[in-house]
Amino acid sequence: MEKQPSIIAILGTGVWGSALGKLLSNNQHQVLFWSRSNSTTLTEIIPHSSVIVSAISIKGVQSTINKLKNLNLTPETIIVTATKGLDPDTTKTPSQIWQQAFPHNPVVVLSGPNLSKEIDRDLPAATTVASNSVVAAETIQAIFSADLFRVYVNQDPLGTELGGTLKNIMAIAAGVCDGMKLGTNAKAALLTRALPEMIQVGTHLGAKAETFFGLSGLGDLIATCDSPLSRNYQVGYGLAQRKTLEEILSDLEGTAEGINTTQVLIKIAHQKQIAVPIAHQVNLLLKGKITPQQAVKALMARELKAEFHHLDGK
């Protein structure tokens, strides 16, 4: 699909929104930024934009939507959500919240192994754009694709979104593993068991199992669980160093979405009777109810079982 210059509104000027804006500007698109802290209003930029990219944290999604509802979006306006998280009140994903608010607009999920600082440094990366509208997904694919940024399309927005969201919990666990210097064997075992836990949650919620073996699942899991650039990894690493959560967050640049996601996932797991052993230990650790050593011991002491079982909910 041939690229045509577009006017694109980016909501959120943090490290992620800024990195996406730089990428789009390099692709010769006109980028209009908005955040709650600057003087530019949504009224000034939204009517001129054919694409809206939401790069705000999950806690700001609903309030931003409330502002947009009065601006009469045209049905042709494509909404791209690049937020990773779960709403604590409704347990919905960002795309579900956007789609419910704007049922006549195509919503596209952008997610993958995309560490913001590496994107900003123009290092090679790949991502996934997923939507129920193939046309909208392919439009966004063309807009974002660049020499050093490869974009793939799929039709499982929920799975694409959940992969990028749930891996943040696993990144906290990975940070703990490295912070405790448990070794390569332990880290490999953790990540290998993390993936089926993510798949089990995803398929229970309606996602496709195969999506989690792609960029937004396995790819993002590897990137986030093995990089000090990951904010969620930094949280786990700090906890392993016996720092308090408050101390860790005070030094953190940006939001570690895995903290909120862990709490929401535990709520979902209780409601739907889903086994989430890794997330359960991360939740207890975040709440200060156990030590990192106790978390590791609890995971190692689980009942013996076969390695493989159905991951598609059947």
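## Nonpolar cores

A nonpolar core is a set of buried Ala, Val, Leu, Ile, Met, Phe, Trp, Tyr and Cys residues joined through side-chain atoms within 4.5 Å; buried means under 20% relative accessible area, exposed over 50% and partly exposed in between, with a 1.4 Å probe and protein chains only. The largest such core has 49 residues, and Val235, Val276 and Leu286 touch the most other members. At least two residues each come from helix H7 (157–179), helix H8 (184–204), helix H9 (215–225), helix H10 (231–240), helix H11 (245–250), H12 and helix H13 (277–286). The greatest contribution, eleven residues, is that of H7. Another core, of 25 residues, lies apart from it and includes Ile10, Ala19, Ala136 and Phe144.

Helices (H or I, at least four residues) and strands (E, at least two) are DSSP runs, numbered from the N terminus. The model is predicted: local features need pLDDT of at least 70 and side-chain atom pairs count only at pLDDT 80 or more, while totals for chains, interfaces and linings use all residues. Residues are numbered from 1 along each chain as its sequence is written, and side-chain values use heavy atoms, with hydrogens and water left out.

## Helix H12 and Asn260

The end C-alpha atoms of H12 are 22 Å apart, which agrees with the 22 Å that its 16 residues should span at 1.5 Å a residue; the expected span is 1.5 Å times one less than the number of residues. Among the buried residues of H12 are Glu257, Ile259, Asn260, Leu265 and Ala269. The buried residues of this helix pack against helix H3 (58–68), H7, H8, H10, H11 and H13, where contact means heavy atoms within 4.5 Å.

Asn260 belongs to helix H12 (residues 257–272) and counts as buried because its relative accessibility is 19%. A polar atom of the Asn260 side chain lies 2.9 Å from the backbone oxygen of Leu86. Leaving out residues up to four places away in sequence, Asn260 touches Ile58, Leu86 and Pro88.

## Strand E5

All of E5 is shielded: five of the five residues of strand E5 (residues 107–111) are buried, so the strand is largely enclosed by the rest of the structure. Val107, Val109 and Ser111 point one way, whereas Val108 and Leu110 point the other way. In a regular strand, side chains alternate between the two faces of the sheet.

Strand E4 (residues 78–81) pairs with E5 in the parallel sense over three bridges; two strands pair if DSSP finds at least two bridges between them. Val80 has Val108 of E5 as its bridge partner.

## Aromatic pairs

Two aromatic pairs are found in the whole structure. Rings of Phe, Tyr and Trp (its six-membered ring) pair if their centres lie within 6.5 Å; planes under 30 degrees apart count as stacked, over 60 as edge-to-face and the rest as tilted. Trp98 and Phe102 form a stacked pair, with 6.0 Å centre to centre and 25° between the planes. Trp98 is buried at 0% relative accessibility, and Phe102 is buried at 7%.

## Positive phi angles

Most residues other than glycine have a negative phi. Gln28, which is not a glycine, has a positive phi of about 75°. Gln28 sits in the loop between helix H1 (15–26) and strand E2 (30–34) and is exposed, with a relative accessible area of 61%.

Gln273 lies in the loop between H12 and H13 and counts as exposed at 68% relative accessibility.

Key. Polar contact = N/O pair within 3.5 Å; in protein donor to acceptor, adjacent residues only side chain to side chain.
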